[in-house]
Amino acid sequence: MAQAIEFRHVSKRFDNGGLAVDDLSFVVEAGTIMALVGPSGCGKTTSLKMINRLIDPTGGEILVGGRSIVSTGLLELRRSLGYVIQYVGLFPHMTVAENIGVVPQLLGWPKARIQARIDELLDLVGLAPQEFRSRRPRALSGGQQQRVGVARALASDPPVLLMDEPFGALDPITRDRLQDELIQIQRKLRKTIVIVTHDMDEAVRLADRIAVLRAGKLVQIGSPAEVLAAPVDDFVADLLGRDRLLKLLRTTPVTKVMIPGGDLAMARVSEQGSLEEALLAMLASGRCDAAVHGSGGGIMGCVTAADIVRSAARR
Ligand SMILES: Nc1ncnc2c1ncn2[C@@H]1O[C@H](COP(=O)(O)OP(=O)(O)OP(=O)(O)O)[C@@H](O)[C@H]1O
Ligand SMILES: [Mg+2]
């Protein structure tokens, strides 16, 4: 069962003085993905670590599944949370398989079930089990270590996943694949996921909601479309990047501005496509309109460049 996560006026002041997290309040609804974004040092990792009590807040309260995390036993809490650590943090003396099997082992799963789960997860993250099972972390590239870190967090199928830049060290193709996998996993399993990322494309692609932090404070929270359409200030706009409006088109389904009509001379876009894809198809074909093709092959309608521009300007 997925569980909501709630921050209520959470603050963290480290002993040496700095306020790393400052009166943070937000809710991650059960079964949804929240992306935490913001510049280096703004408190993302600290916020994540407070959820599984690697760091204790100095003020406020955090609830998981409606219960304050201090009233849950530490072991029980950690078992319900899969954690992908920034910079991976694999146990160096353990093999890949042992690293992935840590939590199932703690939970007392039968050996055969643990072995099967390890191979299943290695496949999932694109590492051939026979090749990688018995290697040690130092014999892996950074990206391979990162994939093992993701597999380890998923091992016991926890209802909540905390991911600190889980795909940061991967090449674009592998990153794309693992993002796809995460989307698939999420469709099937509906976990509550908090993901820290520096990559705005990743946040927009994966998250149901984005929380923007600056110097420990929440400056904006909303769906990717809401944040992209109306950043609250220049700081958020800069963070979203110069292609903010293109990203916005990426989050908008083509069916949203589709009108009747369409013919085979037009550029073509699939009914599952976004406005960005429609625009790219127009650029590639030198047309200012695109026919929307249904999965059955028929033309369902069309979109025009003017309508796409209007849809972005309206926000
Ligand atoms: N154990 C600690 N003791 C003192 N200060 C700390 C400690 N851990 C973090 N900080 C400080 O708290 C602030 C927030 O750190 P945090 O690791 O949460 O940032 P972040 O948003 O994850 O940054 P990055 O994107 O670089 O990973 C920083 O100013 C950092 O120096
Ligand atoms: Mg961090």
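Me: Let's start with α1: is it mostly covered or mostly exposed?
Reply: Mostly covered: seven of the eight residues in α1 are buried. Buried means that 20 or more other C-beta atoms lie within 10 Å of the residue's own, exposed means 12 or fewer, partly exposed is in between, and the C-beta atoms are placed from the backbone. Helices (H or I, at least four residues) and strands (E, at least two) are DSSP runs numbered from the N terminus.

Me: Which residues of α1 are the buried ones?
Reply: Lys44, Thr45, Thr46, Ser47, Leu48, Met50 and Ile51.

Me: Before I go on, what am I looking at, and how is it numbered?
Reply: It's a predicted model, where local features need pLDDT of at least 70, side-chain atom pairs count only at pLDDT 80 or more, and totals for chains, interfaces and linings use all residues. Residues are numbered from 1 along each chain as its sequence is written, while chains are lettered from A and ligands numbered from 1 in the order in which they are written.

Me: And what does the pLDDT average for the chain?
Reply: The average is 91, and 98% of the residues score at least 70. pLDDT is the predictor's confidence in each residue, from 0 to 100.

Me: Which element has the lowest mean?
Reply: Strand β6 (residues 81–84), with a mean pLDDT of 74. At the other end, strand β3 (residues 33–37) has the highest mean of the elements, 97. Where pLDDT is low, the predicted coordinates should not be read in detail.

Me: What follows α1?
Reply: Arg53, with a positive phi near 65°, although Arg53 is not a glycine. Most residues other than glycine have a negative phi. Arg53 is found in the loop between α1 (44–51) and β4 (59–64).

Me: Why does Arg53 count as partly exposed?
Reply: Because Arg53 has 16 C-beta neighbours inside 10 Å.

Me: Sheets next. What's the strand order in the four-stranded one?
Reply: β2-β1-β4-β5, an open sheet with antiparallel pairing. β2 (19–28) and β5 stand at the edges with a single partner strand each, so one side of each has no neighbour in the sheet. Two strands pair if DSSP finds at least two bridges between them.

Me: How many bridges join β1 to β4?
Reply: Five, between strand β1 (residues 5–13) and β4. β1 and β2 pair over six bridges, and two join β4 to strand β5 (residues 67–68).

Me: What does Phe7 stand opposite in β4?
Reply: Ile62. In β2, the bridge partner of Phe7 is Phe26.

Me: Where's the positive phi in the hairpin of β4 and β5?
Reply: At Gly65, near 60°, in a hairpin with two residues between the strands.

Me: And which residue takes a positive phi in the hairpin of β9 and β10?
Reply: Ala215, near 50°, and that hairpin too has two residues between the strands. β9 and β10 pair in the antiparallel sense over five bridges, and Arg214 stands opposite Lys217 in β10. With 15 C-beta neighbours inside 10 Å, Ala215 counts as partly exposed.

Me: Last one: what's the order in the three-stranded sheet?
Reply: β11-β12-β13, an open sheet with mixed pairing. The edge strands are β11 (267–270) and β13 (299–304), each pairing on one side only. Four bridges join β11 to strand β12 (residues 289–293), and these two run parallel. In β12, Val292 is the bridge partner of Val269.
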